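Hello,

Here is the structure we talked about handing over. Please open it first, then read my notes below.

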Amino acid sequence: MTAILLAEVNVWLDVIFVILEILVFVVFFVVHLGVSIPTGRFRKQWIEKQWPKHDWAPPALPKFMHFQHLTMMLLLGLSGMYIRFPFFEGGRTPMRYVHYVAMVIVGLNFFWRLWYAFFSKERDWKEFAIGKKDIASLIGVAAYYTYFSNNKPHVAKYNVMQKMAYDLFGLMMIAQGLTGLALLTQPFIFGTSPREILIGWWLGPLVGGTAMAGAWVRIVHYSLNWLFIIVTTVHIYLAAGIDLPCTLDFFGIKKLEVDPNAYHHAHDDDHADVPVHAPAAAKAD
Amino acid sequence: MRTRLTIAAVLAALMLAVAPGVANGAQATTSTAMPSATATRSISSTAPYALDFTLPTESKAGCMVCHGDENLTRLKAGKTVTFYIDGDAYAKSIHATTLCVGCHLDFAYTAPHDGTTQWQTTAKLSCKNCHDKQFLAFGQGVHRRAVDATGAAAIEEAKKPLCGDCHGSHDIMQITDSPAGKAALHKKGYEICGRCHQEYWDSYDDYYHGAAYKMGAEDAPACWDCHGYHDILASSEPASLVNATHLVETCGSGDCHDQHGTATDKFIQDAAQMIHGKRAVREANPLVVFFSRIFDGIGSLFGG
């Protein structure tokens with residue numbers, strides 16, 4: 001029973017995450033998008049082009065970094081999946097190198113983002129900090145995204161759910177980096193491998209040895225890979241479905257129009273959906 | 001009759017022409033075209049070649065006069081069987097300087113050589129004459145043949161592989177100190193083991209061993225990396241490398257799971273279960289079963 005547990009857990013993870021990803025895709029790209037039609041949001045955004053306004057457009061460097069980071073994350077996910085599910089001939093060694101190189105670049109990106117958030121001229125860490133006002137707005141934001149309300153509370157550049165998602169993404173990157181390093185068994189310092197340094201001494205005795213600890217950490221690493229895929233699926237939907245102009249700007253396809261007074265209107269803290277039957281003058285742009 | 005004698009004379013002349021080079025120890029090269037003669041198919045055992053020739057020397061070049069011809073085929077039970085030997089592959093093999101009769105010990109210098117297939121067994125076993133150490137190990141393994149078997153048991157014994165069944169024949173490469181030979185051998189898991197042990201070949205598809213191996217991963221283990229080779233034993237045998245009592249030792253050897261002795265008995269037992277067991281676990285997974293039935297049902301609606 002115990003012996004087969006490792007195989008059972010791995011197979012269950014494969015099955016559950018595939019189903020979960022399909023469900024998430026359907027929930028967002030079919031159900032959520034579908035509900036936006038009778039609620040009028042689809043028409044407002046995609047037909048009348050009433051996209052959210054912005055009083056600021058991201059500079060070139062963050063945009064490039066986002067694009068580059070996205071590419072590296074895709075390579076990491078692809079090569080990681082290949083290592084577990086090899087789907088073409090002769091790719092083991094090349095895909096491992098792809099994984100290692102992308103990992104290093106993503107790691108550098110992470111540290112660059114920390115520098116950008118805390119030490120650069122932009123110093124935008126506050127944009128990701130969740131305060132009392134954010135927490136107070138959580139129910140309102142959730143109600144907006146679930147179509148229970150047409151008003152989206154606006155507290156800062158990012159709403160509280162965005163902040164939570166981005167902060168979660170950062171935490172997942174740290175966890176993924178550490179679990180990834182813990183999979184390396186090559187001698188590193190004084191003949192000791194990263195696995196032994198990171199997990200061997202504490203997790204090993206708990207689960208039956210360092211190699212066994214590696215097996216369980218690989219399970220966590222694999223699960224996090226799926227969580228990245230799922231979170232990114234939602235991110236793609238929301239980025240394109242909620243704020244297409246900003247997405248196009250991020251990929252350099254169409255420059256974002258900046259309105260200095262974007263957030264200074266009658267409802268300072270709320271972004272209400274403009275009714276479909278609103279007069280033309282009230283429409284955006 | 002006169003025509004046949006003429007052919008015999010031409011063949012003999014060709015053999016004499018190529019024999020001295022071999023006799024002097026010259027190796028065949030890829031740039032040298034193999035002499036060939038138009039193949040003549042044996043009519044039947046009652047009307048064989050009238051050609052009873054005697055080779056001028058026991059040279060492979062002499063044999064290659066006929067066997068270097070790609071058209072040297074024979075119709076056997078409705079199937080075309082080739083007797084062509086790729087001279088280039090042979091010249092690159094580890095046995096390039098070995099004479100044909102060094103392995104074909106029972107060659108009788110007649111054509112067609114023999115109506116039986118005993119020559120195959122002889123050739124496949126001839127390795128023992130030089131590789132006695134390996135043959136002795138083979139005699140300790142599960143593939144050894146019981147010499148006293150009779151009836152149905154003898155038929156089963158005859159199905160067991162001989163040296164040549166696993167190692168191949170004319171194109172066999174050097175393995176010792178030869179990365180190319182090792183790499184070529186490493187890829188042949190199906191040819192060597194899988195085609196007989198199909199069930200185990202199919203179940204060898206766990207994430208990091210079997211699936212990777214089948215996709216050409218150089219560092220994924222081939223069958224014999226775990227199970228051993230010449231003296232291979234069934235896993236139930238206590239002396240088998242994959243017997244539960246030896247798994248830590250086997251999996252922890254070499255560059256595999258030898259992480260300073262950290263590959264514990266528990267880890268090895270769990271991982272070993274997955275190597276040939278993951279397929280069964282997946283097929284028994286209730287969600288996989290559920291969705292398989294749904295997809296099968298949908299497929300049957302469309303005539304699948």
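Start with A:Tyr147, which is partly exposed, because 13 other C-beta atoms lie within 10 Å; a residue counts as exposed at 12 or fewer and as buried at 20 or more. A:Tyr147 sits in the loop between α5 (132–145) and β1 (151–153) of chain A. Its phi is positive, about 65 degrees, although A:Tyr147 is not a glycine. Most residues other than glycine have a negative phi.

B:Asp177 is not a glycine, yet has a positive phi of about 55 degrees. You will find B:Asp177 in the loop between α8 (163–167) and α9 (179–186) of chain B.

For the complex, the predictor gives an ipTM of 0.83 and a pTM of 0.80. Chain B has an average pLDDT of 79, and 76% of its residues score at least 70. Take care with residues 10–60 of chain B, where pLDDT stays under 50. The model has 78 contacts beyond four places in sequence for that stretch. Where pLDDT is low, the predicted coordinates should not be read in detail.

Now chain B as a whole. Its elements are 16 helices and two strands. Of its 304 residues, 20% are buried. Take the contacts in chain B between residues at least 6 apart in sequence: 58% of them join residues at least 24 apart.

Next, the place where the chains meet. Here 26 residues of chain B are in contact with 28 residues of chain A. On the chain B side, α12 (210–214), α15 (265–284) and α16 (286–301) each supply at least two residues. Which element of chain B gives the most to this side? That is α15(B), with eleven residues. By class, the chain B side has twelve nonpolar, nine polar and five charged residues.

One helix pair across the chains deserves a look. Two packed helices are described by the angle between their axes and the distance between the axes. Helix α9 (residues 210–242) of chain A packs with α15(B) at an angle of about 45 degrees, and their axes are 7 Å apart. The two helices, α9(A) and α15(B), are therefore oblique to each other. From α9(A), the contact uses A:Ala211, A:Met212 and A:Ala215; from α15(B), it uses B:Lys266, B:Phe267, B:Asp270 and B:Ala271. Five residues in this contact of α9(A) with α15(B) are nonpolar, none is polar and two are charged.

Last, the nonpolar cores. The largest has 23 residues, and A:Ala215, B:Phe267, B:Ile268 and B:Ala271 touch the most other members. Two or more residues each come from α1 (2–35) and α9 of chain A, and from α14 (247–251) and α15 of chain B. Again α15(B) gives the most, here with seven residues. Leaving out residues up to four places away in sequence, B:Ile268 touches B:Leu247, B:Val248, B:Cys251 and B:Ala263. There is also a second, separate core of five residues, including B:Met64, B:Cys66, B:Ile85 and B:Tyr90.

Best wishes

Methods: Residues are numbered from 1 along each chain as its sequence is written. Chains are lettered from A and ligands numbered from 1 in the order in which they are written. This is a predicted model: local features need pLDDT of at least 70, side-chain atom pairs count only at pLDDT 80 or more; totals for chains, interfaces and linings use all residues. Two residues are in contact if their C-beta atoms, placed from the backbone, lie within 7 Å. Helices (H or I, at least four residues) and strands (E, at least two) are DSSP runs, numbered from the N terminus. Ala, Val, Leu, Ile, Met, Phe, Trp, Tyr, Cys and Pro count as nonpolar, Asp, Glu, Lys and Arg as charged, and the others, Gly among them, as polar. Axes are lines fitted to C-alpha atoms, for helices over the stretch in contact, and angles run from 0 to 180 degrees between N-to-C directions. Angles under 35 degrees count as roughly parallel, over 145 as roughly antiparallel, 65 to 115 as roughly perpendicular and the rest as oblique. A nonpolar core is a set of buried Ala, Val, Leu, Ile, Met, Phe, Trp, Tyr and Cys residues joined through C-beta atoms within 7 Å. pLDDT is the predictor's confidence in each residue, from 0 to 100.
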